[in-house]
Amino acid sequence: MAIVLAKSRQTSSVARMKQSGPAGFKCLPIVLGSLVLCSGCSILPGFNKKLPGNRAFIDYWAPDSNSKQLRLAVKDNIDIKGVVTTAGSEIFSRTHKPAEKDAPCLAIARRRKVQIVGKTNMTEFAVSPSGMNEYFGTPVNPLKRNLIPGGSSSGNAVALASGMADIAFGTDTAGSNRVPAACCGVVGLKTTYGLIPIEGVYPVEPHLDTVGPMGKDIDRTVQGMDLLQDGFAAKYAAAKAAKPTARSIRVGRLKLKSTDQKIDQAIDDALAKTGFQVVELDDSLSDKFEQAKKDGTTVAAAGAWISDGRFEFALGVAARTKSVIQFGQITFTTGYRSALARRSAWQRTLRDVFEKVDLIALPTLQKTPPGLPLLNLRIGILEAHLLQVQNTVAVNFAGNPALAIPVPLRDVKVPLTSLQLIGPRLAEADLLNAGRLVESAVNR
């Protein structure tokens, strides 16, 4: 979807917080740093319209305190009629007119008169996994204030974890629902590619973009999915009836060499406590997963250039965002087409695995969430680190669904990590049923 810049009267983001209203990894840090330092003004402070409170929302419409309606938060790259879609950007906030109609993914929520409580904060143009936003301010991680909230759906995760919304709609191109869910201790679902319409959603990469729900827990995430797909509640009920206990679910355990041992142990403990039939997957799949991760990162980075290359030198766009766009330009010219050419082989690999197991399990993140940088140079080094530690983009590259669910972690830094369950295409109900069993087991 092309977004056309249109002149309009500038509106303060704080004023709009009213109470009513509708990749090659090892050299990546050096490449990003060099690109941005050469682009000029990369470490100078920009305009900063920090939002009040925990900065979860760009627009917030406080619900009636007596209302029993579900409270739905919507990521601010999804069109809501009558509201400016900022995509987390100063330039869009200043120049875009309000959306003329809702994105189609909101149709069921509108029909059921669900209460939309606001548009949530996000990384600019949805291109960064850190969750940081220089213009609107970075949403505050409720687990620990000095940790990143994860991105790009950072506002969604913070709104849910802090109790400001029951469910949230986000987008996931390389992990943008699951990474913030992992960082903030909530649930995030990446849906099957093509299942939910993406019209009216500001794009990153058309081969990877998806819309999906996030929730404080599994029940809320199920409710969110039922607002995105007609008849999902029945599919979920059927999945629960078919496999009411974990003993009948075969889970393939995938281990990656660079994962923190404490996180691997937490994942193994959660799977054992739930009672799944756990099948160890061999190293050959790990190698293929790592290649798919690199290819998916290449495609996602190139998508940032395809969608946002016109902003490479624009005033009002953060240097952090420009660094990602500039890196995307490199990957588009050097690896984009060859990466896409390997996608069908990776999809076949996963299909073969799902003939032997029902789901695949691995950590959502290989490490605990990093802290917010003390000196924010805005040059993309944190983004480069997160691309290495997130285990999400290989799923987007295949188009499969995946669920991120919090599980306990014995660590002084943060009490939770995140289990990622990957399923075959259209297995959202099976994933959420398995997530229900995990949630029940680890919370006993």
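Two strands pair if DSSP finds at least two bridges between them, and both strands (E, at least two residues) and helices (H or I, at least four residues) are DSSP runs numbered from the N terminus. In the predicted model, eleven strands form an open sheet of mixed pairing, in the order β1-β3-β2-β4-β6-β5-β10-β11-β9-β7-β8. At the edges stand β1 (57-60) and β8 (277-280), each of which pairs on one side only. From one strand to the next the twist averages 30°; angles run from 0 to 180 degrees between N-to-C directions, and axes are lines fitted to C-alpha atoms, for helices over the stretch in contact.

This is a predicted model, in which local features need pLDDT of at least 70 and side-chain atom pairs count only at pLDDT 80 or more, while totals for chains, interfaces and linings use all residues. Residues are numbered from 1 along each chain as its sequence is written, and side-chain values use heavy atoms, with hydrogens and water left out. The mean pLDDT (the predictor's confidence in each residue, from 0 to 100) of the protein chain is 90, and 88% of its residues reach 70 or more. Over residues 1-47 the pLDDT is below 50, although this stretch has 101 contacts (heavy atoms within 4.5 Å) beyond near neighbours in sequence. Where pLDDT is low, the predicted coordinates should not be read in detail.

Within the sheet, strand β5 (residues 187-190) and strand β10 (residues 402-408) run antiparallel and are joined by three bridges. Leu189 stands opposite Leu403 in β10. Helix α6 packs on the sheet, where it touches β4 (167-172), β5, β6 (210-215) and β10, and its direction makes about 145° with that of β6.

Helix α6 (residues 218-226) also meets helix α15 (residues 428-442); their axes come within 9 Å and cross at roughly 165°. The two helices are therefore roughly antiparallel to each other, a term for angles over 145 degrees, with under 35 counted as roughly parallel, 65 to 115 as roughly perpendicular and the rest as oblique. In this contact, Ile218, Thr221, Val222 and Met225 in α6 meet Glu428, Leu432, Gly435, Arg436 and Glu439 in α15. These residues divide into four nonpolar, two polar and three charged (Ala, Val, Leu, Ile, Met, Phe, Trp, Tyr, Cys and Pro count as nonpolar, Asp, Glu, Lys and Arg as charged, and the others, Gly among them, as polar).

The axes of α6 and helix α7 (residues 232-242) come within 8 Å and cross at roughly 135°, which makes α6 oblique to α7. Here Ile218, Val222, Met225 and Asp226 in α6 meet Phe232, Ala233 and Tyr236 in α7. The residues of this contact divide into six nonpolar, no polar and one charged.
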